[in-house]
Every structure is written in structure tokens, then in C-alpha cells.
Amino acid sequence: SFGMECNIVENGFPKLGSPLYADIDELADVSIPQIVNDVTGPLIEAVELAAPHMDKPMIEGVTGPYTLASVLNGSENLMINCMTEPDDVHLFLEKITDFLTAYISAYKAAGASAVILAEPSVAMISPAMTDEFSNKYIQNIISKTQDTGFSIIYHNCGAVDSHIDTILELNADGFHFGSDVNLDNVLKKIGNDKLVMGNIDPRLFISDNHTVMEKTTKNLLEKYSAYDNWRLSTVCDLAPNVFPGNIE
């Protein structure tokens, strides 16, 4: 949507090109795209077409503000800029958050039940920086989009055990974590009214060893089924070359 090069390869994940705004001086002049554009338009239309025929909640995927900023600015650049040029970064994040809020609202209007907001890049910064450069903006998105008919589900597939207290301050309806996160800790800290999802390693799905998948799933079910607010889920995206038998 922002104009970054993206190489779509068969049976593989899309590969993004170089950061568009690597220079700190460029952040203030970032051009925010139209909400409905050549990239987002077909996705929003797909929700509009599917929603009337769905008997289950339809959940879409959206990148979180800090993670999107780290893609556009470069992950190392952004970490340094947060410490050396915080005012410029905040202006950048405000623009990105406005875009994401409108994009999520378009999904909501199209008939989606929720979005999973993926913010894995905060694993590379401290909890205090996460609060300042991520939570602040995500909470803004939540306050403007989440209601009794639409949910924000926070996703982080990174090693964020040290960030859990900070992350759980968000007023999201649900939280989705990767295999590097201790769900025991999350479930003890979170209220029963908040959904917790996780955390089967997606790499298991590309192996034809169904025994390992079955054992892993069984162990999670035995460990967490007592929690009414926990749901079994993969850690993150599944690769195109998964074995369907593993999903079954």
C-alpha cells in the first residue's frame, strides 16, 4: 500500500524490498496511501462478498503500528531513532496509526468480526519503549474500533515474556501468542473475560511427522483446557507447503 517493492514467489512467503523511509528526515513527509487502494481494495471486497455467507466469525489480519513503522523505516533504524529522534518517530507513528485505524474500520464496515493486530517487532525493544512506541498507538486503535460487535486481538509471535505485563495493559478483547511465550504466566495474569490463543509452532506443520503434531496438540489441550478463555491456535502464519494432514 505504501509503495514498497514486494516479490510474490510460488509456495513461499512474500518478500519485501528495502525500507522506503530509511532516512530520519523522510519520516515527517511520509505519504499515507488511500485506505482503499490496489492492495487493500480486493481484501476489503473479499470480506464484503464472504460475510453474508459466513456462519462463523471472520477475522482479518493487520500489521501493528510499530511493526509497520519498522518495515518502512528499517528495524535497526527505527530502534535507534526511537532513542535519538523520538519526536520524529511519534509523528511517523501517528500517521501510521491513522491509516491503520481507517483500514480496520473498513474491514469492520465490510462485515468482519475482528482483526488480529500483529505487533511482533516490539520483541526487539524494551517493555518501557513498547509502552511508549507501541501500546500508546494500539490503545488508540482499540478505542476507536473495538465495540460489542467487533474485537481487536493482539498478536505477538516474538519472545516477549518480559513484555507481558506491558502488553496485557492493552484493552484488547484477545491476545494471541507464539511458542516463545509462557502461556502459564499469561493465563495467571489475565482476566477470564479476555481471550488467550496459542501456541503450536507453525514449523511443525511443514513436517510429515503427524505423531509430533498430535503429541504437541494433546499436551496443550491437557495443560490449558481448564481455562475457559484459552483457545488452541498456531503461533503465526502457516507456510504454503504445510501437510494438510497436520491441520486435520
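Student: What makes strand 3 and strand 4 a pair?

Tutor: Strands here are DSSP runs of E with at least two residues, numbered from the N terminus. Two of them pair if DSSP finds at least two bridges between them; strand 3 (residues 59-63) and strand 4 (residues 114-118) run parallel and are joined by five bridges, so they pair. Gly-61, for instance, stands opposite Ile-116 in strand 4. Do keep in mind that this is a predicted model, where local features need pLDDT of at least 70, side-chain atom pairs count only at pLDDT 80 or more, and totals for chains, interfaces and linings use all residues. Residues are numbered from 1 along each chain as its sequence is written, and side-chain values use heavy atoms, leaving out hydrogens and water.

Student: Why is the pair Phe-2 and Phe-99 called edge-to-face?

Tutor: Rings of Phe, Tyr and Trp (its six-membered ring) pair if their centres lie within 6.5 Å; planes under 30 degrees apart count as stacked, over 60 as edge-to-face and the rest as tilted. For Phe-2 and Phe-99 the centres are 5.2 Å apart and the planes at 70°, so the pair is edge-to-face. Phe-2 lies in the segment before strand 1 (6-7) and Phe-99 in helix 4, so the pair ties together parts 97 residues apart in sequence.

Student: And what makes Phe-175 and Phe-177 a stacked pair?

Tutor: Their ring centres are 6.4 Å apart and their planes at 10°, so this pair is stacked.

Definitions and conventions
Helices (H or I, at least four residues) and strands (E, at least two) are DSSP runs, numbered from the N terminus.
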